[in-house]
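Please look over the sequence and the structure shown here.

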Amino acid sequence: MTRLEDIDALMREELIELECPEFDNDPWVRAPALPECRVAVVSTAGLQRRGDRPFEWGATDYRVILGETATEDLVMSHVSTNFDRAGYQQDMNVCFPIDRLNELAEEGVIESVAKYHYAFQGSTAPEEMEAPTRQMAGLLKADGVNAVLLVPI
Amino acid sequence: MGGLAHYLEEEGLATTQISLIRLHSEKTRPPRALWVPFELGRPFGPPNDVPFQRRVLMATLELLQAK
């Protein structure tokens, strides 16, 4: 089990006390109604397509994941050992809920699911991911995305 | 994760997110976040539990409707 309270005290404190950026603004974009939302996933689980470049320590770039990537072609190359991987190995939806999103789109709960999704490797200062994230925003818009689901690991 | 939300919102994209470490979200103040008490590595909960994953996903997406 890898609940925060179950990992060793030193690592737990390090995770909890991890330096986080502080912002002096509160950006807020009003989302469309859910049936009009085209949703993309942005993960920090170090996910990649099999055959793509694995993440390395300190990586600040991201990988593009085609929404129709088959389970067996999705790989997690996150360098951290401080989280559970057994759940993901059984069902990628524990951290990349593509099947659940597709079901919601089929039912009309959301408008659609993006063609492309994105994955960073967490364990990196968010400020170092700012430039690639802003660049990624253009790709999301080009895909027609108007709602982003951010998923940590 | 909260930092990415800031950057994307500043670029004009609405975001919602799951939070696994509540303190991090309290520090970064993303516009919308659902804190879940699940294991690290399982932000949508148990594997192969479709109804449960759906509840978590819907709770997260419904935050987009907050005014």
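## Basis of the model

This is a predicted model, in which local features need pLDDT of at least 70, side-chain atom pairs count only at pLDDT 80 or more, and totals for chains, interfaces and linings use all residues. Residues are numbered from 1 along each chain as its sequence is written, chains are lettered from A and ligands numbered from 1 in the order in which they are written, and side-chain values use heavy atoms, with hydrogens and water left out.

## Chain A as a whole

Chain A has four helices and seven strands; helices (H or I, at least four residues) and strands (E, at least two) are DSSP runs, numbered from the N terminus. Their order along the sequence is α-β-β-β-β-α-α-β-β-α-β. Chain A is as compact as a globular protein of its 153 residues, because its radius of gyration of 16 Å is close to the 15 Å of the globule rule. That radius is taken over C-alpha atoms, and the rule is 2.2 Å times the number of residues to the power 0.38. The C-alpha trace of chain A spans about 45 × 40 × 30 Å along its principal axes.

Of the 153 residues in chain A, 52% are buried. Buried means under 20% relative accessible area, exposed over 50%, and partly exposed in between (1.4 Å probe, protein chains only). Contact means heavy atoms within 4.5 Å; among the contacts in chain A between residues at least 6 apart in sequence, 69% join residues at least 24 apart. Accessible areas come from the Shrake-Rupley method with a 1.4 Å probe, and for residues only the protein chains shown count as cover. Chain A carries 13 positive and 28 negative charges, whose mean positions lie 6 Å apart. In this count Lys and Arg are positive and Asp and Glu negative, while His and the chain ends are not counted; the place of a charge is NZ of Lys, CZ of Arg, CG of Asp or CD of Glu.

M136(A) belongs to helix α4 (residues 130-142) of chain A. M136(A) is buried, with a relative accessible area of 0%. Leaving aside neighbours within four places in sequence, its contacts are V42(A), Y62(A), Y118(A), F120(A) and, from chain B, L8(B). Between M136(A) and H117(A) there are 19 residues in sequence and 10.0 Å in space, C-alpha to C-alpha.

Q121(A) sits in the loop between β6 (116-119) and α4 of chain A. Is Q121(A) buried or exposed? Q121(A) counts as buried, at 1% relative accessibility. The side chain of Q121(A) reaches the backbone nitrogen of V79(A) at 2.9 Å. Beyond four places in sequence, the residues in contact with Q121(A) include T44(A), F55(A), W57(A), H78(A) and M129(A).

## Chain B as a whole

Chain B has three helices and two strands, running α-β-α-β-α from the N terminus. Its C-alpha trace spans about 35 × 25 × 15 Å along the principal axes. Of its 67 residues, 61% count as buried.

In chain B, 30% of the contacts with a separation of 6 or more are between residues 24 or more positions apart. The accessible surface of chain B is about 2500 Å², and 55% of this belongs to carbon and sulfur atoms. The mean positions of its 8 positive and 7 negative charges are 5 Å apart.

Helix α1 (residues 2-10) of chain B is largely enclosed by the rest of the structure, because eight of its nine residues are buried. Among them are L4(B), H6(B), Y7(B) and L8(B). The buried residues of α1(B) pack against β1 (38-43), α4 and β7 (147-151) of chain A, and also against β1 (14-19) and α2 of chain B. After α1(B) comes G12(B), with a positive phi near 95°.

R32(B) lies in the loop between α2 (22-28) and β2 (33-35) of chain B. R32(B) is buried, with a relative accessible area of 4%. The side chains of R32(B) and E9(B) are joined by a polar contact of 2.9 Å. A polar contact is a pair of N or O atoms within 3.5 Å; within protein, one must be able to donate a hydrogen and the other to accept it, and residues adjacent in sequence count only if both atoms are side-chain atoms. The side chain of R32(B) also reaches the backbone oxygen of L63(B) at 3.5 Å. Leaving aside neighbours within four places in sequence, R32(B) is in contact with residues of both chains, including W28(A), R30(A), T15(B) and L64(B).
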